[in-house]
Amino acid sequence: MARLTSFLLLLSLICFVPLCLCDKSYGGKLFPGYYAHSCPQVNEIVRSVVAKAVARETRMAASLLRLHFHDCFVQGCDGSLLLDSSGRVATEKNSNPNSKSARGFDVVDQIKAELEKQCPGTVSCADVLTLAARDSSVLTGGPSWVVPLGRRDSRSASLSQSNNNIPAPNNTFQTILSKFNRQGLDITDLVALSGSHTIGFSRCTSFRQRLYNQSGNGSPDMTLEQSFAANLRQRCPKSGGDQILSVLDIISAASFDNSYFKNLIENKGLLNSDQVLFSSNEKSRELVKKYAEDQGEFFEQFAESMIKMGNISPLTGSSGEIRKNCRKINS
């Protein structure tokens with residue numbers, strides 16, 4: 001009997017070890033069950049609010065994914081993008097990548113308000129963004145993943161980092177890759193995460209250069225498929241109309257799938273930053289082909305890369321704070 005008891009104890013310890021290692025692999029203090037006792041309904045609350053927002057406007061899914069991306073590339077995933085300007089904060093919302101285009105802040109406010117009712121002072125705005133991004137993928141047909149949690153919110157923002165760290169639509173491939181590398185992300189992450197452009201829209205001002213003056217010599221981008229370019233010119237004039245929207249994925253703009261990569265192979269990527277993944281680098285070209293052929297492979301890598309991106313320099317422990325209002329630091 002004693003031997004059986006000892007064996008069962010040993011077996012339980014062996015079974016427990018992978019769980020411990022799993023938590024460590026998520027970055028130490030970030031782990032999926034962080035709110036299991038303090039706010040067990042956090043996933044349900046976030047999913048409910050995001051589902052209603054996406055049902056009202058499918059485009060909101062892309063907007064929430066973009067907020068998470070633009071937050072993590074500046075000071076890490078700390079909710080800094082959500083802060084409005086104040087005496088101590090110069091908001092990142094006014095940076096070139098975010099001004100007149102970043103949206104979804106009202107949805108984050110709704111999620112946070114509901115969480116404050118149920119679990120006051122518990123769930124960070126940074127974690128709200130991370131969960132909302134995952135749910136945005138799922139609600140449009142994309143992959144799901146287990147989100148490591150436990151981020152805290154920054155008490156600062158960085159307008160300069162927002163202007164410099166976030167890849168721009170007209171950046172070269174090498175510039176984009178360098179910006180990803182600085183965040184600890186590699187070429188596979190770059191291609192997979194760019195696949196989020198399978199949903200959503202982009203403004204005329206972000207791709208006009210490709211239509212009329214790609215290299216500063218008054219000529220269009222010749223890598224752009226001609227009939228596609230002609231259709232875009234009808235929507236996006238040489239001047240004016242900066243806010244006119246075009247779909248990022250001409251096949252299925254409202255569905256999270258792998259058609260984005262199929263578009264790149266046909267030279268129908270909307271943004272220069274999209275098309276260079278196929279035209280400018282052999283390794284990224286092979287990844288584009290792989291994801292175009294195998295949606296499951298894309299979904300698996302996208303989920304892995306989203307977890308990796310969500311782990312960029314999180315504030316944990318006693319660092320930062322848990323904001324009561326995502327738009328301002330606690331008094």
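This is a predicted model: local features need pLDDT of at least 70, side-chain atom pairs count only at pLDDT 80 or more; totals for chains, interfaces and linings use all residues.

Me: Which residues in H13 and H14 meet?
Reply: From H13 they are Lys 290, Tyr 291 and Glu 293. On the H14 side they meet Gln 295, Glu 297, Phe 298 and Gln 301.

Me: And how do the residues of that contact divide?
Reply: The contact of H13 with H14 has two nonpolar, two polar and three charged residues.

Me: OK, domains now. What does the assignment give?
Reply: The domain assignment has domain 1 at 41–165 and domain 2 at 173–309. Their C-alpha centres lie 23 Å apart. Domain 1 puts 25 residues into the contact, and domain 2 puts in 21 residues.

Me: How much area do domain 1 and domain 2 bury between them?
Reply: About 1,900 Å², with 70% of it on carbon and sulfur atoms.

Me: Which elements give two or more residues to the domain 1 side?
Reply: On the side of domain 1 that touches domain 2, they are helix H3 (59–72), helix H5 (125–139) and helix H6 (159–165). H3 gives the most, with seven residues. The residues of that side divide into 12 nonpolar, 11 polar and two charged.

Me: Switching topic: how many salt bridges does the count come to?
Reply: The count comes to 16 salt bridges. One of them joins Arg 327 and Asp 109.

Me: How far apart are the closest N and O atoms of Arg 327 and Asp 109?
Reply: They are 2.7 Å apart.

Me: Where do Arg 327 and Asp 109 lie?
Reply: Arg 327 is in the segment after H14, while Asp 109 is in helix H4 (residues 105–118), so the pair ties together parts that are 218 residues apart in sequence.

Technical notes. Residues are numbered from 1 along each chain as its sequence is written. Side-chain values use heavy atoms; hydrogens and water are left out. Domain bounds come from an automatic or database domain assignment. Contact means heavy atoms within 4.5 Å. Buried area is the accessible area (1.4 Å probe) that two parts lose on being put together, summed over both. Helices (H or I, at least four residues) and strands (E, at least two) are DSSP runs, numbered from the N terminus. Ala, Val, Leu, Ile, Met, Phe, Trp, Tyr, Cys and Pro count as nonpolar, Asp, Glu, Lys and Arg as charged, and the others, Gly among them, as polar. A salt bridge is a side-chain nitrogen of Lys or Arg within 4 Å of a carboxyl oxygen of Asp or Glu.
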